[in-house]
Amino acid sequence: MYYIDRRPLRTVGLSVDWRWFIDLIVGIAIGSAIPTLAVGVGLVGGWITVEEPVHALTINYVQDMGLALLITASIALGEELVFRGYVLTNAISGLDLPWLSHSMTVATAWSVSAAFFAAKHPIFTLADGVHFLTAGFLLGLAYLLTGKLGLPVGIHAGFNFVANYVFSTTSELTVVPLIVEGPRWLVGQTGVVQTALLLPAALAVVLYVWWHSGSVEIIPKTIMKLNN
């Protein structure tokens, strides 16, 4: 399949080249760091304790983790293609109105994409809503600064895999089982600590783009190509 919504895949962030894979690797590092640092904060604060690992390094366990990694990566790619590649791209294109500035167009489309992303996830508390909305803005930023899905896919996949299978309170496959003894609104998976760490993650995205390209501009090149 080479087209989505009658548009070439390259115009929705799937122009896959060596830069795309570099973005992917950097994104995985950034995304993985968020739950890892959150667990560190919880351990230092005494809100989280570590249990003894329950799995030995067997062939079956490695196969199960490999399947978990494949599923996590597939979900991340699918969601980023929908919420960044499709929704954000189309929102910018649809909001490209004469009376709306370019900056306002991008900001509005960015907000719409983040809101749709948050609405897709289960929200039971205010902390949940703020977390998923902030995550949507982070992933949208990664897409807007690069024009490619590699970086947001990496962040998304890295975060989900580490949060669900490396440090987890629920997954039977987890590498490091955890017990959360502090309030979940503070140190849970969608708690204040994890949400706060999305902000330095955004800074890391900006610094990476600046280091790699020498400038930082929120210019969705995919949309510009469509309008030319």
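Which residue forms a salt bridge with Glu 80? The partner is Arg 84, and the closest N and O atoms of the two side chains are 2.7 Å apart. This pair is one entry in a predicted model, in which local features need pLDDT of at least 70 and side-chain atom pairs count only at pLDDT 80 or more, while totals for chains, interfaces and linings use all residues. Residues are numbered from 1 along each chain as its sequence is written, and side-chain values use heavy atoms, with hydrogens and water left out.

Read from the N terminus on, the order of elements is β-β-α-β-α-α-α-α-β-β-α-α-α. Of the 228 residues in the protein, 46% are buried, where buried means under 20% relative accessible area, exposed means over 50%, and partly exposed lies in between (1.4 Å probe, protein chains only). The protein exposes about 11900 Å², and carbon and sulfur atoms supply 69% of this area; accessible areas come from the Shrake-Rupley method with a 1.4 Å probe, and for residues only the protein chains shown count as cover. Among contacts (heavy atoms within 4.5 Å) between residues at least 6 apart in sequence, 75% join residues at least 24 apart.

Back, then, to the charged pairs. Side chains of opposite charge can pair when their charged atoms come close. Here a salt bridge is a side-chain nitrogen of Lys or Arg within 4 Å of a carboxyl oxygen of Asp or Glu, and a search of the whole structure finds four of them. Glu 80 and Arg 84 both lie in helix H2, four residues apart, or about one turn of the helix. Glu 80 counts as buried because its relative accessibility is 0%, and Arg 84 counts as buried at 0% as well. In helix H1 (residues 18-45), Asp 23 and Arg 19 are likewise four residues apart and so are separated by about one helical turn. Their salt bridge brings the closest N and O atoms to 3.2 Å. Asp 23 is buried, with 0% relative accessibility, and Arg 19 is buried too, with a relative accessible area of 18%.

A further salt bridge joins the side chains of Lys 120 and Glu 79, at 2.4 Å from N to O. Lys 120 lies in helix H3 (residues 102-120) and Glu 79 in helix H2, so this pair ties together parts that are 41 residues apart in sequence. Lys 120 is partly exposed at 46% relative accessibility, whereas Glu 79 is buried at 9%.

Helix H2 (residues 59-94) also holds Leu 70. Together with Leu 67, Ile 71 and Ile 75, Leu 70 forms a nonpolar patch on the surface, with about 370 Å² of accessible area among the four residues. Patches are made of residues with over 30% relative accessible area and no salt bridge, like charges being joined within 9 Å and nonpolar side chains (Val, Leu, Ile, Met, Phe, Trp, Tyr) within 5 Å. Leu 70 itself counts as exposed because its relative accessibility is 53%.

Attention now turns to helix packing. Two packed helices are described by the angle between their axes and the distance between the axes. Helix H4 (residues 126-146) and helix H7 (residues 192-213) pack at about 5°, with their axes 10 Å apart. Axes are lines fitted to C-alpha atoms, for helices over the stretch in contact, and angles run from 0 to 180 degrees between N-to-C directions. H4 and H7 are therefore roughly parallel to each other, the cut-off for this class being under 35 degrees, with over 145 roughly antiparallel, 65 to 115 roughly perpendicular and the rest oblique. Residues making the H4–H7 contact include Val 130, Leu 138 and Leu 141 of H4 and Leu 198, Val 205 and Val 209 of H7.

Leaving aside neighbours within four places in sequence, Trp 110 is in contact with Leu 88, Gly 136, Phe 137, Gly 140, Leu 141, Leu 144 and Ile 218.

Methods
Helices (H or I, at least four residues) and strands (E, at least two) are DSSP runs, numbered from the N terminus.
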